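Have a go at each one yourself before you read the solution.

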Amino acid sequence: MVWYLALIAVVAVERLAELVVSRRNLAWSLARGGREYGFSHYPVMVLLHVGLLVGCVLEPVVLHRPFLPALGWSMLAAVLAAQVLRWWCITTLGPQWNTRVIVVPGAQRIVGGPYQWIPHPNYVAVVVEGIALPLVHTAWLTAVVFTLLNALLLRTRLRVENSALASLS
């Protein structure tokens with residue numbers, strides 16, 4: 001259990017690092033006249049992602065979930081793959097990457113890196129992580145609840161982001 005809690009702590013620190021990058025990129029975007037879209041769903045997204053980490057800690061501890069090696073190790077591999085994909089997205093988008101939906105007037109839509117194959121690869125990483133991270137230690141309730149709530153949120157987020165990206169054309 002200790003190594004799993006350490007994994008959750010590492011993911012939490014990674015999220016904080018992403019927020020630092022996002023805040024820096026927000027300043028870059030705003031300095032270039034960037035406009036934010038869909039602010040109203042952003043606090044819900046933050047709460048949901050914090051809830052994922054909390055659920056990942058509480059469910060295995062409170063409900064005494066076992067570590068099942070076949071499930072746990074395969075889900076750890078999926079978590080690591082999701083992190084690689086997420087950071088590939090961040091580096092590909094450079095200063096245009098953000099946890100918020102920001103459009104900079106005159107900016108070109110990025111179509112390189114993972115974006116040449118998948119329209120929203122960062123959300124693929126989020127979906128994979130939301131399923132896999134809790135299942136590393138059999139927290140299936142957390143995986144199901146996060147996945148369902150995240151699907152509802154992503155429906156809104158994708159609508160907002162696709163509309164915002166259409167303004168680049």
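**Exercise 1.** How many salt bridges does the count come to?

*Solution.* Keep in mind that this is a predicted model. The test is a side-chain nitrogen of Lys or Arg within 4 Å of a carboxyl oxygen of Asp or Glu. By this rule, you end up with eight salt bridges.

**Exercise 2.** Take R15 and E18: where do they lie, and are they buried or exposed?

*Solution.* Start with the contact: their side chains meet in a salt bridge, at 2.9 Å from N to O. Next, find them in the chain: both sit in helix α1 (residues 2-31), three residues apart, which is about one turn of the helix. Last, check the surface: R15 and E18 are both buried.

**Exercise 3.** Which parts of the chain does the pair E36 and R100 link?

*Solution.* First, the contact: the E36 and R100 side chains form a salt bridge with an N to O distance of 3.1 Å. Now place each partner: E36 is in strand β1 (residues 35-37), while R100 is in the loop between α3 (69-93) and β2 (101-103). They're 64 residues apart, so this pair links distant parts of the chain. Then look at accessibility: E36 has a relative accessible area of 29%, so it counts as partly exposed.

**Exercise 4.** How many residues apart are E161 and R157, and in which helix do they lie?

*Solution.* Begin with the distance: the closest N and O atoms of E161 and R157 are 3.9 Å apart, and the two form a salt bridge. Both lie in helix α5 (residues 140-166), four residues apart, or about one turn of the helix. Both E161 and R157 are buried.

Conventions:
Residues numbered from 1 in each chain as written. Predicted model: local features only at pLDDT ≥ 70, side-chain atom pairs only at ≥ 80, totals over all residues. Heavy atoms only, no water. Helix = DSSP H or I, 4+ residues; strand = E, 2+ residues; numbered from the N terminus. Buried < 20%, exposed > 50% of the residue type's maximum accessible area, 1.4 Å probe, protein only.
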